Amino acid sequence: MYKRKLKIDHENGDSYFLWGARQTGKTTWLTTEYPNCRYYDLLRPTEFERLLRNPELLSQELEGFGKGDIVVIDEIQKLPQLLDEVHYLIQRKGIQFILSGSSARKLKRVGTNLLGGRASLEQMFPLVSAEIPDFDIFRAINNGMIPRHYAVANPTQRLRGYIGVYLNEEIREEAFARNLSTFARFLEVAAQCDGEMVVYKNVAQDCGIDQRSVKEYFAILQDTLLGYLVPGFTLSKKRKAVAAPKFYFFDVGIANYLLRRKTLELGSDDFGHAFEHFIIQELIAYIGYSHLFDQLSYWRTSAGYEVDAIIGDGRVAIEIKAVEEAKSRHTKGLKAFSEEFPEAELYMVTFDKYRRELNGVHVVPAIEFLSMLWDGKVI
């Protein structure tokens with residue numbers, strides 16, 4: 001069993017929404033962390049049906065609970081009606097709830113009571129390198145970091161099933177059943193955008209739909225936690241920066257499957273793209289679990305300079321290169337960025353054998369960089 005980085009602080013008495021994409025490990029974590037708490041699993045048909053018929057059963061069954069008691073409701077998005085009862089129990093009895101699910105989109109769409117700010121937000125990400133004993137970066141880049149996928153030699157069948165379940169359950173629930181084939185085509189095109197700037201017009205043409213629908217589909221990917229739009233960093237003044245966002249699926253294994261990338265090896269272009277995606281994935285998870293206010297962005301100028309990851313207002317800049325020996329030419333983007341932000345800490349993540357300095361840039365082997373990241377020494 002993996003020791004997850006997610007931590008929930010109950011000392012302030014808050015309740016929490018815990019969101020996370022399917023199979024990231026929410027249920028396993030909840031049952032491990034709260035083995036003695038009252039637990040409602042809405043994936044169980046009998047549990048779902050009885051609370052659907054009578055949501056007030058929740059208040060009746062928790063009559064003897066009070067301040068300091070913790071109650072878990074898993075897959076809360078399946079039964080939005082329960083949130084009125086939860087709101088009452090938080091306000092009147094001081095019960096702390098952990099409400100987990102794969103998406104808040106359905107709750108928002110039906111105008112559900114989201115507890116009026118009485119619940120904090122947490123997110124469960126796929127596995128991260130620091131959670132895995134004997135971590136294998138090449139397995140991670142090929143398989144992705146969803147626990148069930150990382151653990152097997154060949155995750156293709158599981159990935160196929162994962163995408164099928166997503167389309168048949170999440171998207172059908174979003175009332176897109178009639179457009180399921182169109183959305184499936186959009187997923188394939190979105191995969192081609194993985195790690196690239198999103199040009200909505202081009203995506204619309206490739207999918208045969210209008211730009212408004214494309215933006216809505218990307219919003220669905222974000223709201224169901226299947227993907228992220230990383231904004232362009234635009235605070236530079238000397239050079240005109242691109243503002244268009246980049247898109248990444250929440251897990252590199254999903255992108256690999258949709259792009260039919262198999263057996264990725266160091267030295268290929270596909271490996272380089274997947275490696276960049278994986279490091280971005282780790283950065284997103286670290287920022288999320290550490291509750292940092294720093295935004296992740298990327299920097300690209302109209303003249304062609306680019307840096308893969310910028311942290312916050314420019315205090316850290318990170319270039320990701322799947323090379324075994326970094327060269328001076330690889331530092332071009334970082335050096336250009338440092339001309340505008342001289343206080344920025346510059347990193348290049350590579351497969352160099354040892355850490356070294358090159359043109360004022362910290363060249364750090366990937367495994368060492370990940371260790372530094374999770375030890376709080378990068379951000």
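Glu 339 counts as partly exposed, because its relative accessibility is 47% (buried means under 20% relative accessible area, exposed over 50%, and partly exposed in between, with a 1.4 Å probe and protein chains only). The structure is a predicted model, in which local features need pLDDT of at least 70 and side-chain atom pairs count only at pLDDT 80 or more, while totals for chains, interfaces and linings use all residues. Residues are numbered from 1 along each chain as its sequence is written, and side-chain values use heavy atoms, with hydrogens and water left out.

Glu 339 is found in helix 14 (helices, H or I of at least four residues, and strands, E of at least two, are DSSP runs numbered from the N terminus). Leaving out residues up to four places away in sequence, Glu 339 touches Lys 238 and Arg 239 (contact means heavy atoms within 4.5 Å). Lys 238 is 101 residues from Glu 339 along the chain, yet their C-alpha atoms are separated by 9.0 Å.

## Helix 14 and the sheet

Helix 14 (residues 332-340) lies across strand 9, strand 10, strand 11 (316-320), strand 12 (345-350) and strand 14 (361-365), and runs at about 50° to strand 10 (axes are lines fitted to C-alpha atoms, for helices over the stretch in contact, and angles run from 0 to 180 degrees between N-to-C directions). The buried residues of helix 14 are Gly 333, Leu 334, Ala 336, Phe 337, Ser 338 and Glu 340. Their cover includes strand 9, strand 10, strand 11, strand 12 and strand 14.

The open sheet has six strands in the order 9-10-11-12-14-13, with mixed pairing (two strands pair if DSSP finds at least two bridges between them). Strand 9 (296-300) and strand 13 (356-358) each have a single partner strand, so one side of each is left without a neighbour in the sheet. From one strand to the next, the twist averages 30°. Strand 9 and strand 10 (residues 306-311) run antiparallel and are joined by four bridges; in strand 10, Val 307 is the bridge partner of Trp 299.

## Nonpolar cores

The largest nonpolar core has 113 residues, and Leu 221, Phe 249 and Ile 318 have the most contacts inside it (a nonpolar core is a set of buried Ala, Val, Leu, Ile, Met, Phe, Trp, Tyr and Cys residues joined through side-chain atoms within 4.5 Å). Helix 13 (residues 269-289) supplies the largest share of this core, twelve residues. A second, separate core of 16 residues includes Phe 233, Phe 337, Phe 341 and Val 361.

Beyond its neighbours within four places in sequence, Phe 249 is in contact with several residues, among them Leu 187, Leu 221, Tyr 228 and His 277.

## Packing of helix 13 on helix 15

Helix 13 and helix 15 (residues 366-374) pack at an angle of about 10°, with their axes 11 Å apart. Helix 13 is therefore roughly parallel to helix 15 (angles under 35 degrees count as roughly parallel, over 145 as roughly antiparallel, 65 to 115 as roughly perpendicular and the rest as oblique). Residues of helix 13 including Phe 275, Phe 278 and Tyr 289 meet residues of helix 15 including Phe 369 and Trp 374.

## Positive phi angles

Most residues other than glycine have a negative phi. Leu 225, although not a glycine, has a positive phi of about 65°. Leu 225 sits in the loop between helix 11 (211-223) and strand 7 (227-230) and is buried, at 13% relative accessibility.

Arg 260, also not a glycine, has a positive phi of about 60°. Arg 260 lies in the loop between helix 12 (252-258) and helix 13 and is exposed, with a relative accessible area of 63%.
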